[in-house]
Amino acid sequence: MALLPLLLRLNFKFPALADEVQIEAVWENMARMCVKTQRLDVAKICLGHMGHARGAKALREAEQEPEQKARVAVLAIQLGMLEDAERLYKACRRYDLLNKFYQASNQWQKAMETAEAQDRVHLRTTHYNYAKHLEATGQQSLALIHYEKSDTHRFEVPRMLSEDLQALENYINKMKDKSLWKWWAQYLESQSEMESALKYYALAQDYFSLVRVHCFQGNIQKAAEIANETGNGAASYHLARQYESQEDIKQAVHFYSRAQAFNNAIRLCKVNNLDDQLMNLALLSSPEDMIEAACYYEEKGDQMDRAVMLYHKAGHFSKALELAFATQQFGALQLIAEDLDEKSDPALLARCSGFFIEHAQYEKAMQLLLTAKKATLQANVMYHDSVCNISLLSCCHQYHEALQLCLEQNLTITEELAEKMTVSKESQDLSEESRRELLEQIADCCMRQGNYHMATKKYTQAGNKLKAMRALLKSGDTEKIIFFAGVSRQREIYIMAANYLQSLDWRKDAKIIANIISFYTKGGALDLLAGFYDACAQVEIDEYQNYEKAHRALTEAYKCLSKAKARSPVEQESKLGHLQSRMSLMKQFIHAQRVYPEDTEEAVRQCELLLAEQDFDNAIRYGDILGFLVQHYTQVKKFHTAYHYLEEMQKRIPASNLSYYVSQQTMEAVHRGAGVPMSLVHTSHSSTDNREEEEADEVEDP
């Protein structure tokens with residue numbers, strides 16, 4: 001490329017010499033060198049000096065190609081370097097440009113191979129271009145094949161064979177293509193060969209054209225048969241127009257209906273008083289046609305039921321209701337009411353509700369009242385403030401009326417009804433006070449009906465958690481009561497939940513016991529918690545004879561009661577003293593039980609001291625102390641002393657409960673050791689029990 005600067009300097013300094021040197025061959029060789037070196041910038045200068053305008057334009061247009069080699073290939077083509085161009089296109093994998101290159105250079109076989117293998121996007125285009133080339137060279141048979149492969153034969157082949165009609169007809173019959181049959185039929189029709197045209201229209205299944213030609217020939221009966229058999233819309237419509245022009249209204253209406261041109265059929269029915277057919281057609285047609293037919297029946301005045309039905313089906317509910325009320329069509333009114341929604345006129349909804357109340361259909365009346373409420377609320381945004389206030393008063397009245405209807409007719413408030421009667425907190429339609437009042441009224445109604453869960457929900461939405469808790473307590477749903485108390489975080493609710501849990505069988509459920517303690521603690525009800533600990537202590541004694549756990553429970557009760565804020569300090573001190581006394585007695589008995597294995601005499605002495613205490617049975621049961629002593633004296637073989645304490649037990653404890661404190665085996669041993677028969681004892685005790693029962697009966701009977 002060192003020759004280029006030299007040529008440019010000579011051209012600038014020695015123009016005359018440059019004229020001699022500036023020969024086209026030199027610049028052309030320079031341009032060819034640019035193909036090898038891919039220097040397109042230099043190639044532009046060379047093409048300019050060569051005067052190669054077409055090449056310069058092609059190179060400028062090739063600048064849009066992203067690949068450098070594709071742009072160089074364009075330069076190679078302009079310089080006649082076809083092999084280099086082919087190589088460059090293959091190197092950059094631009095098979096689309098390579099395909100075009102093969103077509104332009106008349107290398108059709110390579111073009112077809114490239115399209116088949118690498119450029120299938122342009123395969124049909126390649127076939128079409130090849131077919132055009134073959135047609136231009138007079139090779140029509142081969143051109144037919146490639147027109148078919150390019151899927152352009154339906155237009156191109158008839159054009160190509162337009163001068164040879166016989167060959168064209170043979171081709172069409174051979175292809176058996178509906179589009180070609182239809183094209184050939186249209187050609188024959190244009191040549192007035194109607195019978196042949198009908199044949200090919202039938203092959204193409206072009207029923208509209210068949211009917212059209214038969215009508216043109218006056219064979220309308222055959223056209224009607226074709227339209228009825230095929231059900232083709234265009235054919236039926238054309239035939240209906242023919243019948244209408246011949247004033248055969250019945251057939252015209254029939255075929256307009258088959259063509260689904262209901263507006264034309266309705267037009268004919270109205271003009272010719274075909275009222276029965278008009279009704280059927282209107283129901284099948286669009287809402288606009290239904291309203292048009294309804295107006296027709298309304299104007300006639302003798303078929304108002306049809307007018308009401310059509311207005312209803314068309315969605316014109318207000319007009320349908322007005323006519324139904326005016327003509328007292330109550331059956332139609334019930335059907336219309338099922339489709340009413342909040343978009344309907346509130347006055348009409350209220351009127352329908354009154355109608356259903358009169359006919360004892362209270363559930364439907366309730367639905368309409370609530371729908372009327374929503375319609376009233378939606379209408380508020382359309383008016384100014386004073387009208388809005390009147391609308392809100394009307395809305396509240398509809399709510400109360402609906403609730404009153406539920407109470408009077410004992411209608412169950414389902415979840416769906418309750419939600420419909422509920423106004424959201426974000427709504428501006430009711431004041432917050434009115435909204436809460438309404439929610440509480442709904443909840444009160446649910447309470448009367450025993451729907452406690454729904455009542456709880458509505459009381460909660462109204463912000464009245466205490467009433468919500470009372471409703472939930474009546475439901476007896478323990479899990480929800482515990483959950484609600486946990487999330488409410490109110491003192492009264494904690495206490496209510498704990499009181500409820502105490503009414504359950506909490507003795508066998510540690511989770512309930514934990515919740516009772518937790519709720520009383522959170523609620524600050526330490527006096528009630530002390531009472532619960534006291535109850536726990538009694539359970540430990542009565543069911544398990546576990547005085548140690550009972551003592552711990554009483555200790556907790558004492559702590560809670562001492563911290564509680566009592567209304568009467570004197571009463572609180574009295575309770576604390578009583579607890580202290582019980583704890584002391586219980587501790588003495590626990591001590592006796594503990595030291596018994598090591599110091600039997602001390603344990604027995606402590607128990608006998610307890611028996612001498614006044615009111616010790618408030619803390620310790622007689623049976624536990626006496627049973628302890630009976631067991632001890634039986635073990636040390638002092639049966640008479642044991643029998644003495646056993647007799648004391650029998651005086652204070654029912655015979656059926658003795659085995660709870662002293663085993664049957666121990667009692668038998670005591671009786672044997674004391675020399676007292678068991679049967680005699682039972683007889684004497686049973687007679688004693690009978691005497692006591694008789695004395696009690698005498699006291700009760702006057």
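Modeller: Happy to! This is a predicted model, where local features need pLDDT of at least 70 and side-chain atom pairs count only at pLDDT 80 or more, while totals for chains, interfaces and linings use all residues. Residues are numbered from 1 along each chain as its sequence is written, and side-chain values use heavy atoms, leaving out hydrogens and water.

Let's start with helix α19, residues 249-258. Helices here are DSSP runs of H or I with at least four residues, numbered from the N terminus. In α19, Ile 249, Ala 252, Val 253, Phe 255 and Tyr 256 are buried; buried means under 20% relative accessible area, with a 1.4 Å probe and protein chains only. An α-helix has 3.6 residues a turn, so residues three or four places apart point the same way. The cover over the buried residues of α19 includes α17 (220-230), α18 (233-245), α20 (262-271) and α21 (275-284). Just after α19, Gln 260 has a positive phi of about 60°.

Next, Asp 177 sits in the loop between α13 (165-175) and α14 (178-190). Asp 177 is buried, at 13% relative accessibility. Leaving aside residues up to four places away in sequence, Asp 177 touches His 153 and Arg 154, where contact means heavy atoms within 4.5 Å.

Finally, the cysteines: a disulfide is a pair of cysteine sulfur atoms within 2.5 Å, and the count is zero. The sulfur of Cys 46 is 4.5 Å from the closest cysteine sulfur, in Cys 34, which is too far for a bond. Cys 46 is buried, at 0% relative accessible area.

Technical notes
Buried means under 20% relative accessible area, exposed over 50%, partly exposed in between (1.4 Å probe, protein chains only). Helices (H or I, at least four residues) and strands (E, at least two) are DSSP runs, numbered from the N terminus.
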